[in-house]
Amino acid sequence: MDFSSLLNSFIPSWNSVGLLLGFFSYLGIAGSILPGKLVPGASLADGTRLHYRCNVIGAWMDYVSPTAISDRGCELLSTTFIFSVVATLLLYVAGCKSSDRSSSLKPHITGNIIDDWWFGIQLNPNFMGVDLKFFFVRAGMMGWLLINLSVLAKSFQDANLSHSMILYQLFCVIYIMDYFFYEEYMTSTWDIIAERLGFMLVFGDLVWIPFTFSIQGWWLLNNKVDLTIAAVIANCCVFVIGYVVFRGANKQKHDFKKNPKALIWGRPPNVIGGKLLVSGYWGIARHCNYLGDLLLALSFSLPCGMSSPVPYFYPIYLLILLIWRERRDEARCAEKYKDVWEKYRRAVPWRILPYIY
């Protein structure tokens, strides 16, 4: 493909606009009317709680060609990016005009337009009763799944299905389905309870997650990789260890927040200052869940072999992001908990990787 053709492939078409709006409409309607578990979110500063309808999944692709997404990948990327810019500009304007004083909708305006647009003004803005932050996360994860399935369909169509593609797809579908099965755990994460909804989160959810987390699949469409049995076994071990640590750590944190007396690894939890958990994975590293996430990201790339750095974009990016987020979280907790946080740091000295970092 020459440079001119590449540029033309990014020009949005009415088909890509229709696919994107149809996808959002489907998720919005399905998430509002289909049966699902109603989960209370974390308590906000004013004592109120938002509620989220979780675990609502449907097969919208029954009405669309299986390769529609892979055939229009670049178009959908640019269309979704434009949508993210427009949506966050509308969120900025709506936030500036809001007079609501509740914790979820109270405007936080710094006066710096770029900063307020990037990080957002309101914590949990909604549209027609739909919590937009939760909706965009769900859309991003579902979008990642649909892109992968469309890439898989394309590999079938081109008679190019490889063991590497099967391994990558298997790991991703387990991870994504796990997210939806444990979707209520998302309500206690940093993004939901602390980050305001601005371009950073919207772009991250709608563009970054589905279109960069799927780079390995796109790469495997055009590159053949022969894996040895030893490489497959090693890859599976990385995935299993990452999954156990990631899911185990997040489950312990979520269960502790729901019931501070719940047993962890068969023992009563050890807590500092009444709020900071020092048991289980959280007694090994202060952000042990990040270690699990990084191992999972690495397992998605290993099926691509070592011939190119391109498939490793996701784990490299995630490493940078999580270190940056961990530093921001540490600063926030130090300000919030003060002396208790220092005591916690002494009890759990490692940030992410024990004995290394």
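Here is a short chat about helix packing and ring pairs in this predicted model.

User: What should I know about the ground rules?
Analyst: The model is predicted, with local features needing pLDDT of at least 70, side-chain atom pairs counting only at pLDDT 80 or more, and totals for chains, interfaces and linings using all residues. Residues are numbered from 1 along each chain as its sequence is written, and side-chain values use heavy atoms, with hydrogens and water left out.

User: Why are α6 and α9 called roughly parallel?
Analyst: The axes of α6 (residues 132-157) and α9 (residues 199-212) cross at roughly 10° and come within 7 Å. Axes are lines fitted to C-alpha atoms, for helices over the stretch in contact, with angles from 0 to 180 degrees between N-to-C directions. Angles under 35 degrees count as roughly parallel, over 145 as roughly antiparallel, 65 to 115 as roughly perpendicular and the rest as oblique, so this pair is roughly parallel.

User: What makes F171 and F239 a stacked pair?
Analyst: Rings of Phe, Tyr and Trp (its six-membered ring) pair if their centres lie within 6.5 Å; planes under 30 degrees apart are stacked, over 60 edge-to-face and the rest tilted. F171 and F239 sit 4.4 Å centre to centre with 10° between the planes, hence stacked.

User: How do you know whether F171 is buried or exposed?
Analyst: Buried means under 20% relative accessible area, exposed over 50%, partly exposed in between (1.4 Å probe, protein chains only). F171 has 3%, so it counts as buried; F239, at 6%, is buried too.

Terms used: Helix = DSSP H or I, 4+ residues; strand = E, 2+ residues; numbered from the N terminus.
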